[in-house]
Amino acid sequence: MGIAPDITNAQPLRVITEDTCLFHYLVPAPMSPSAKSMCSETGSQDSGDGNSRTLHWDPDPSTLQLHSDSDLLGRGLRLGMAKVTQVDFPPKQSVSYSKETQTPTCTQTHTQAKPAEEEEEEEMAEPKPAEESQEEKADEEEKQEEVAPKDLTEEEKMQLLHSEEFMAFFDRGSRIVERALSERVDVCFDYSGRDLEDKEGEMQAGAKMSLNRAFSDERWSKNRVVTCLDWSPQYPELLVASYNNNEDAPHEPDGVALVWNMKFKKTTPEYTFHCQSAVMSAAFARFHPNLVVGGTYSGQIVLWDNRSNKRTPVQRTPLSASAHTHPVYCVNVVGTQNAHNLISISTDGKMCSWSLDMLSQPQDSLELVFKQSKAVAVTSMAFPLGDVNNFVVGSEDGSVYTACRHGSKAGISDVFEGHHGPVTGLSCHSAGGPVDFSHLFISASFDWTVKLWTTKSTRPLYSFEDSCDYVYDVMWSPTHPALFACVDGSGRLDLWNLNNDTEVPSASVCVNGSPALNRVRWAHSGREIATGDSDGQVLVYDVGEQICVPKADEWTRLVHTLVEINENRDEGEELAAQRLVA
Amino acid sequence: MQFEETLKRIQTHKGVIGTIVVNAEGKTTLDNSTTVQYAGLLHQLTMKARSTVRDIDPQNDLTFLRIRSKKHEIMVAPDKEYLLIVIQNPSE
């Protein structure tokens with residue numbers, strides 16, 4: 001609020017200074033410049049005329065009021081100094097995203113990208129019709145530039161290949177890719193088997209038995225026959241195969257035993273052992289993981305040790321009358337960790353038991369004679385599960401005998417006649433379960449049949465007559481009570497399941513080239529079968545789960561099957577007896 | 001030389017049907033039309049995969065891309081500028 005001057009009492013201004021003061025105020029310009037000029041001209045102390053117009057000065061500098069023209073104009077304009085408050089408005093923020101799509105569309109030179117570009121061009125052209133022609137031209141030029149380097153020339157290629165970045169990239173990329181390539185894990189495997197339903201035929205055939213590995217060695221196994229197989233009890237992936245002599249190579253050792261490894265993909269044997277005489281039987285020493293026992297054609301029993309660096313045996317039995325003088329076809333380690341013996345039987349009927357520490361002399365020997373005179377020419381031997389005293393032997397004359405090692409009746413006890421040819425293989429039932437079937441055993445023979453026996457009866461329970469050639473070996477499955485495998489001279493590997501069918505094998509596979517299969521051995525897991533053939537090859541087959549894994553009721557079903565078999569046998573015999581009588 | 005050796009080793013690996021080396025623009029070292037198709041399609045897919053990975057976490061980057069289909073397995077090893085593509089038949 002300004003100080004209202006008292007106009008009536010105002011006194012005329014007296015200019016003190018000589019300077020001209022120009023005051024620019026938002027007031028109407030003084031009507032007559034005479035007041036100002038008067039002030040400036042006179043410069044005297046006398047203001048001069050009594051001007052009607054007077055400038056009232058407020059001596060207080062903070063407020064200034066000019067009342068020029070107030071009388072003249074009569075408007076009563078009041079000017080006031082206003083307090084200025086600073087207000088600062090920030091500029092309006094425009095929200096913008098700095099992210100762009102990272103798929104550059106303009107760098108695509110692929111043919112498929114071209115139509116996309118053309119579409120873009122068209123879109124761009126629409127809103128700006130005026131610049132259409134120019135844009136098209138520009139884009140065409142771009143296109144031409146991109147099309148031109150599409151095919152790399154040889155020089156460019158070589159240049160690229162040798163550039164540093166490329167080599168670094170390729171080094172890294174190829175390393176990763178090679179690792180990924182070697183991983184064969186099938187992450188999409190469907191255990192429910194729904195996948196398998198799609199590929200019916202192939203998979204089902206393969207689900208029964210499929211070839212897993214084939215082991216053979218150019219130098220050591222070619223031209224030799226596989227005479228024996230055994231799986232290691234300690235390391236389920238190790239398999240020993242013994243071979244007889246190589247007629248084409250008289251300077252090579254006659255007897256060879258090779259230890260093969262299933263775990264790794266290498267095609268050479270883990271260990272190579274040889275000796276001077278053809279090895280007819282071989283086995284891993286059950287309580288000595290480093291020892292491999294071999295029975296040879298000369299009657300010697302040899303022991304190889306994989307701890308030594310030698311390929312020749314570390315221990316040998318003497319070639320004397322106290323030991324064997326005939327080929328040893330059967331070797332086996334029986335007993336327990338603390339009390340075990342190596343049992344060997346040769347074809348002259350002599351059975352010796354040895355201690356693995358000392359092979360210079362047998363601990364015990366026994367002549368297997370039948371009815372006090374007839375020596376038994378033993379070709380195969382088997383011990384029932386858990387038994388160390390009683391065992392069965394098969395002989396060249398086609399009979400099977402039970403015998404005991406110790407006791408008052410040591411020697412041959414019973415004879416089981418039924419085969420018409422030499423017995424080639426014997427196997428005692430070994431699948432432990434709720435029901436004990438250890439009285440059962442099967443035998444294979446040159447008469448094309450496999451016969452099922454029980455120790456309780458001297459007549460065969462059943463005869464499996466599906467083969468058309470010599471049956472060379474047979475073995476019960478270690479896990480499935482009703483399953484056994486047999487091999488014959490026509491290259492066939494058959495799996496029989498007594499609970500399914502006793503007339504025909506449940507699964508059968510024929511080996512490529514149909515060599516005579518000499519030996520068959522189930523792995524301890526019951527999932528794989530190894531066979532050795534006459535060409536020196538060892539083949540390992542995977543057995544399909546549906547076949548080799550026993551269900552819980554297999555044992556009881558087998559009981560029923562056996563009862564049926566028994567009944568059939570009795571009926572058959574009755575009929576035969578009736579016919580004889582009639 | 002090393003490149004050729006390594007490439008040959010990969011090509012003769014069990015089950016491998018084909019290998020392609022692609023540069024940033026989608027060009028290949030072979031003119032076969034199938035190869036060109038593979039190269040272009042996989043290049044686009046790899047770029048998309050890389051941008052996806054980067055969008056989720058800008059510090060991250062794509063290191064390996066593996067496409068398993070009923071019949072084949074396609075492996076892509078990407079780089080800043082190049083792609084190594086290997087097609088394998090996994091059932092062999």
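This is a predicted model: local features need pLDDT of at least 70, side-chain atom pairs count only at pLDDT 80 or more; totals for chains, interfaces and linings use all residues.

Visitor: Let us begin with R492(A). Where does it sit?

Guide: R492(A) belongs to strand β26 of chain A, which covers residues 492-497.

Visitor: With which side chain does the side chain of R492(A) make a polar contact?

Guide: The partner is the side chain of D466(A), at 2.7 Å.

Visitor: And what else does R492(A) touch?

Guide: Leaving aside residues up to four places away in sequence, R492(A) touches D466(A), C486(A), V487(A), P505(A), S508(A), V509(A), C510(A) and L517(A).

Visitor: How many residues of β26(A) are buried?

Guide: 6 of the 6 are buried, so β26(A) is largely enclosed by the rest of the structure.

Visitor: Which residues lie on each side of β26(A)?

Guide: R492(A), D494(A) and W496(A) are on one side, while L493(A), L495(A) and N497(A) are on the other. Both faces are covered, and all of these residues are buried. As a general point, side chains in a regular strand alternate between the two faces of the sheet.

Visitor: Which strand is joined to β26(A) by 5 bridges?

Guide: That is strand β25 of chain A, residues 483-488, and the two run antiparallel. Within this pairing, F484(A) stands opposite W496(A). The hairpin of β25(A) and β26(A) has 3 residues between the strands, and G491(A) there takes a positive phi near 85°.

Visitor: What about β27(A): how many bridges join it to β26(A)?

Guide: There are 4 bridges between β26(A) and β27(A), the latter spanning residues 507-510, and these strands also run antiparallel. One of the facing residues is A507(A) in β27(A), which is the bridge partner of L495(A).

Visitor: Back to F484(A) and W496(A). Are their rings stacked or edge-to-face?

Guide: The aromatic pair of F484(A) and W496(A) is stacked, with 6.3 Å centre to centre and 10° between the planes. F484(A) lies in β25(A) and W496(A) in β26(A), so the pair ties together parts that are 12 residues apart in sequence.

Visitor: Is each of those two buried or exposed?

Guide: F484(A) is buried, with a relative accessible area of 0%. W496(A) is also buried, at 2%.

Visitor: Which residues make up the cluster linked by ring pairs?

Guide: The cluster consists of Y462(A), F464(A), W476(A), F484(A) and W496(A).

Visitor: How many aromatic pairs are there over all chains?

Guide: The count comes to 21 aromatic pairs. Among them is the pair of F416(A) and W453(A), whose ring centres are 5.7 Å apart and whose planes stand at 80°, so the pair is edge-to-face. This pair links distant parts of the chain, 37 residues apart: F416(A) is in strand β19 (residues 411-417) and W453(A) in strand β22 (residues 450-454). F416(A) is buried, with a relative accessible area of 0%, and W453(A) is buried with a value of 0%.

Visitor: Changing topic to sheets. In what order do the strands β6, β7, β8 and β9 of chain A come?

Guide: They form an open sheet of 4 strands in the order β6-β7-β8-β9, with antiparallel pairing. β6 (279-284) and β9 (315-316) stand at the edges, each with a single partner strand, so one side of each is left without a neighbour in the sheet. Strand β7 (residues 291-296) is joined to strand β8 (residues 301-305) by 5 bridges, and G295(A) stands opposite I301(A) in β8(A).

Visitor: And the sheet with β1, β30, β29 and β28 of chain A: which are its edge strands?

Guide: The edge strands are β1 (209-215) and β28 (517-522), each pairing on one side only. This is an open, antiparallel sheet of 4 strands in the order β1-β30-β29-β28. On average, its neighbouring strands are turned by 25° against each other, direction ignored. β1(A) pairs with strand β30 (residues 538-543) over 6 bridges, and R213(A) stands opposite V540(A) in β30(A).

Visitor: Finally, at what angle do helices α5 and α6 of chain A cross?

Guide: The axes of α5 (residues 154-162) and α6 (residues 164-182) cross at roughly 65° and come within 5 Å. The contact is made by L160(A), L161(A) and H162(A) of α5(A) with E164(A), F166(A) and M167(A) of α6(A). By class, this contact has 4 nonpolar, 1 polar and 1 charged residues.

Key: Residues are numbered from 1 along each chain as its sequence is written. Chains are lettered from A and ligands numbered from 1 in the order in which they are written. Side-chain values use heavy atoms; hydrogens and water are left out. A polar contact is a pair of N or O atoms within 3.5 Å; within protein, one must be able to donate a hydrogen and the other to accept it, and residues adjacent in sequence count only if both atoms are side-chain atoms. Contact means heavy atoms within 4.5 Å. Axes are lines fitted to C-alpha atoms, for helices over the stretch in contact, and angles run from 0 to 180 degrees between N-to-C directions. Ala, Val, Leu, Ile, Met, Phe, Trp, Tyr, Cys and Pro count as nonpolar, Asp, Glu, Lys and Arg as charged, and the others, Gly among them, as polar. Buried means under 20% relative accessible area, exposed over 50%, partly exposed in between (1.4 Å probe, protein chains only). Two strands pair if DSSP finds at least two bridges between them. Rings of Phe, Tyr and Trp (its six-membered ring) pair if their centres lie within 6.5 Å; planes under 30 degrees apart count as stacked, over 60 as edge-to-face and the rest as tilted.
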